[in-house]
Amino acid sequence: MVTTTVRPSTVTPLAPRAHKAFPALRHLGPNWYASVMGTAIVANAGATLPYQVPGQRVACQIVWALSAVALAVLLTARAGHWLHHRDQARAHLLDPAVAPFYGCLSMALLAVGGGTLTVGKDLIGVPAAVAVDAVLFTAGTVIGLVMAVVVPYLMVVRHKVEAAQATPVWLLPLVAPMVSAAVGPLLIPHLPAGQPREALLLACYAMFGISLLATLLMLPLIFGRLILNGPLPLTLTPALFLVLGPLGQSTTAVNQLADVAPGAIDAPYAHALGAFAVVYGVPVMGFALLWLALAAAMLLRAARGGMGFAMTWWALTFPVGTCVTGAAGLARHTGLDAFAWLAAALFLALVTAWLVAAAHTLRGLFSGRLLPKTA
């Protein structure tokens, strides 16, 4: 992993003094947004499962509220990071190992926003939920589209990378528009009938295409690196699960869009989009399961090799959650119990991964290992 240093001219004169203010914030990178994403997806996936048990809805509401609080705290902390440690923030943008995580900001906003309209509405009411989701969706979509351009641009013109450095982390800024495509349909029924609904529907399909084609360009680099250079370093091994993100999220997107298409676009297209949800979603979910098996085998190998906890463990949550929502969508549109069982099994894996990652993160925070109080 190569780290690019910041040129002296880019560091502000106040940087040395800023290091002494809130030193723990200096180590707070954009990768922390993954914890918000991983928490929000537990609520979102749990609320859409084909099987519901007593108390499940309440549990999802609690988890959503936790993700919303975590997002607010993290946004404040990251603002402090940029204010007091601007040199480090710029260094992150110039570091090819860290810059892709700026896509997580967009996905955190979108995941919490989608959860607001899925389960948060039970607590704050539908009008407030629509307003909150509209703000978070707009902000998350704009940031996601910007980062989908900015991060690859920096990789081309500023970062010095080699093929051996390719990791699934490179997918993060490219997946963000797909998350917009998956949660955008929640807002469509709340728009005026006619062109507003159709415009958002087609905009979501456009973002689906942006993310899908960009992912198809990047995946061969990632898989080629694994074949030619061997396994990822132990700490990075959980990042293999990030490949599930665009697969599960795109399946979720086409099914969510098919649900709202009849009220947003004319019948011939609405029927076609419903068929597309199944024709696209089933093969992609099949590949997702193949990759899940490969990633799980590599994770087991890394665990046996002494892999310790790192924030990369949060990669075991959100991507798996997108496969839960994708399988649940296929269960709705095909009526097959097999997809409902798959969604339930993946959800149990998601909850387990979230509990483990959350417990280790809290322990690392309280011990000061994750955010040392030294500049």
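## Confidence of the model

This predicted model has an average pLDDT of 92 over the chain, and 94% of the residues score at least 70. Residues 1–18 have a pLDDT below 50, and this stretch makes 25 contacts in the model beyond near neighbours in sequence. Where pLDDT is low, the predicted coordinates should not be read in detail.

## Overall fold

The chain contains twelve helices and zero strands. Its order along the sequence is accordingly written α-α-α-α-α-α-α-α-α-α-α-α.

For 375 residues, a compact globule would have a radius of gyration near 21 Å; the value for the chain is 20 Å, which agrees. The C-alpha trace spans about 60 × 45 × 45 Å along its principal axes. Of the 375 residues, 54% are buried. Contacts between residues at least 6 apart in sequence were also examined: 84% of them join residues at least 24 apart.

## Packing of helices α3 and α4

Helix α3 comprises residues 56–84 and helix α4 comprises residues 86–93. The two pack at an angle of about 105°, with their axes 5 Å apart. Because angles of 65 to 115 degrees count as roughly perpendicular, α3 and α4 are described as roughly perpendicular to each other.

On the α3 side, the contact is formed by R78, H81, W82, L83 and H84. Their counterparts in α4 are R86, Q88, A89, H92 and L93. By residue class, the contact of α3 with α4 consists of four nonpolar, four polar and two charged residues.

Note on methods. Residues numbered from 1 in each chain as written. Predicted model: local features only at pLDDT ≥ 70, side-chain atom pairs only at ≥ 80, totals over all residues. Heavy atoms only, no water. Axes fitted to C-alpha atoms, helices over the stretch in contact; angles between N-to-C directions. Helix = DSSP H or I, 4+ residues; strand = E, 2+ residues; numbered from the N terminus. Parallel < 35°, antiparallel > 145°, perpendicular 65-115°, else oblique. Contact = heavy atoms within 4.5 Å. Nonpolar A, V, L, I, M, F, W, Y, C, P; charged D, E, K, R; others polar. pLDDT = per-residue confidence, 0-100. Rg over C-alpha atoms; globule rule 2.2 N^0.38 Å. Buried < 20%, exposed > 50% of the residue type's maximum accessible area, 1.4 Å probe, protein only.
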